[in-house]
Amino acid sequence: MRTAGAGTWYETKRLGDGITLIRESHVKPFYRCNIWHVRGRDRDMLVDSGMGVVSLRDHVRLVCERPLIAVGSHTHFDHIGGHYEFDERAVHAAEAEILAYPSRRNTVADRWVCDSMFAAAPVNGFRAGDYEVRAAPATRLLRDGDIVDLGDRHFEVLHLPGHSPGSIALWENATGILFSGDVVYEGELLDDAYHSDVADYLASMERLRGIPARVIHAGHFASFGGGRLAELIDDYVAGRRRQRCPAAEIR
Ligand SMILES: [Zn+2]
Ligand SMILES: [Zn+2]
């Protein structure tokens with residue numbers, strides 16, 4: 001594998017509304033997580049932190065400009081690898097244990113991390129087989145209904161288990177912006193990780209249907225609007241109902 005070097009690892013794109021998308025350029029699109037930076041009056045918020053194979057603080061100046069809370073949408077390796085670099089770290093209580101004691105198994109790195117997920121290596125000598133998430137115990141445990149307060153912006157925690165037990169979305173009612181993590185994105189949704197639960201996922205989707213989101217910034221792939229959110233929810237729910245009750249299709 002060719003080595004990219006740390007200097008080109010991250011790319012940033014300002015999207016307006018004080019939101020910047022940060023991506024790991026050399027992780028292939030299917031695997032790479034969207035890292036979201038939100039500028040607040042009193043402090044900033046980072047939603048997810050990528051794999052942590054290259055320092056965000058050293059290479060993305062934006063994340064050092066203000067006090068910052070690093071929120072984990074959930075604790076899969078692609079979302080929390082960089083959390084160790086930040087003093088304030090928040091995650092849903094149901095996955096606090098994983099953030100504090102990450103392993104290749106409990107972060108699903110054992111299933112997904114392989115050389116072929118990288119277009120180039122982050123540093124010389126990098127081996128996917130040795131990759132591990134560093135421990136970063138939460139300084140704040142989130143529960144449904146909690147508010148992440150940036151001073152002028154307020155994000156409500158929606159606990160939406162299914163993909164994983166502590167999956168959350170962050171909802172800004174004032175703007176209609178929703179950070180959806182891996183609960184919903186423009187791609188095949190995963191509900192077969194070791195701690196996934198399809199019944200929980202279906203219930204979370206029904207709840208999400210009631211959120212009047214205008215813009216959805218997801219954990220992977222491109223952002224989309226409220227109409228597309230409804231379609232993605234419908235597709236998932238219909239797919240799982242078919243699996244559970246195939247006869248319903250024939251009638
Ligand atoms: Zn995930
Ligand atoms: Zn993910």
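Colleague: Why is the arrangement of the four donor atoms around the zinc ion (ligand 1) irregular?

Modeller: Bear in mind that this is a predicted model. The angles subtended by the four donor atoms run from 90 to 173°, so the arrangement counts as irregular. Tetrahedral would need all angles between 85 and 135 degrees.

Colleague: OK, and which residues are the protein donors of that zinc ion (ligand 1)?

Modeller: They are His74 through NE2, His76 through ND1, His163 through NE2 and Asp182 through OD, at 2.1 to 2.3 Å from the ion. Along the sequence, their spacing reads H-x1-H-x86-H-x18-D.

Colleague: Where do His74 and His163 lie?

Modeller: His74 is in the loop between β5 and α2, and His163 is in the loop between β9 and β10, so the pair ties together parts 89 residues apart in sequence.

Colleague: Is His74 buried or exposed? And His163, buried or exposed?

Modeller: His74 is buried, at 0% relative accessibility. His163 is buried too, with a relative accessible area of 3%.

Colleague: How far apart are the zinc ion (ligand 1) and the zinc ion (ligand 2)?

Modeller: They sit 3.5 Å apart, and Asp182 coordinates both.

Colleague: Switching topic: which residues touch the most other members of the largest nonpolar core?

Modeller: Met51 and Phe77, in a core of 37 residues. Elements giving two or more residues to this core are β5, α2, α3 and α4.

Colleague: What is Met51 in contact with, leaving aside its neighbours within four places in sequence?

Modeller: Its contacts include Glu24, Val27, Phe77, Met117 and Tyr131. There's also a second, separate core of 23 residues, with Leu160 and Ile211 among them.

Note on methods:
Residues are numbered from 1 along each chain as its sequence is written. Chains are lettered from A and ligands numbered from 1 in the order in which they are written. This is a predicted model: local features need pLDDT of at least 70, side-chain atom pairs count only at pLDDT 80 or more; totals for chains, interfaces and linings use all residues. Side-chain values use heavy atoms; hydrogens and water are left out. Donors are N, O and S atoms within 2.8 Å of the metal (3.2 Å for Na, K and Ca); water is not among the atoms, so sites may look incomplete. Four donors count as tetrahedral if all angles lie between 85 and 135 degrees; four count as square planar and six as octahedral if opposite donors are over 155 degrees apart and all others between 65 and 115; anything else is irregular. Helices (H or I, at least four residues) and strands (E, at least two) are DSSP runs, numbered from the N terminus. Buried means under 20% relative accessible area, exposed over 50%, partly exposed in between (1.4 Å probe, protein chains only). A nonpolar core is a set of buried Ala, Val, Leu, Ile, Met, Phe, Trp, Tyr and Cys residues joined through side-chain atoms within 4.5 Å. Contact means heavy atoms within 4.5 Å.
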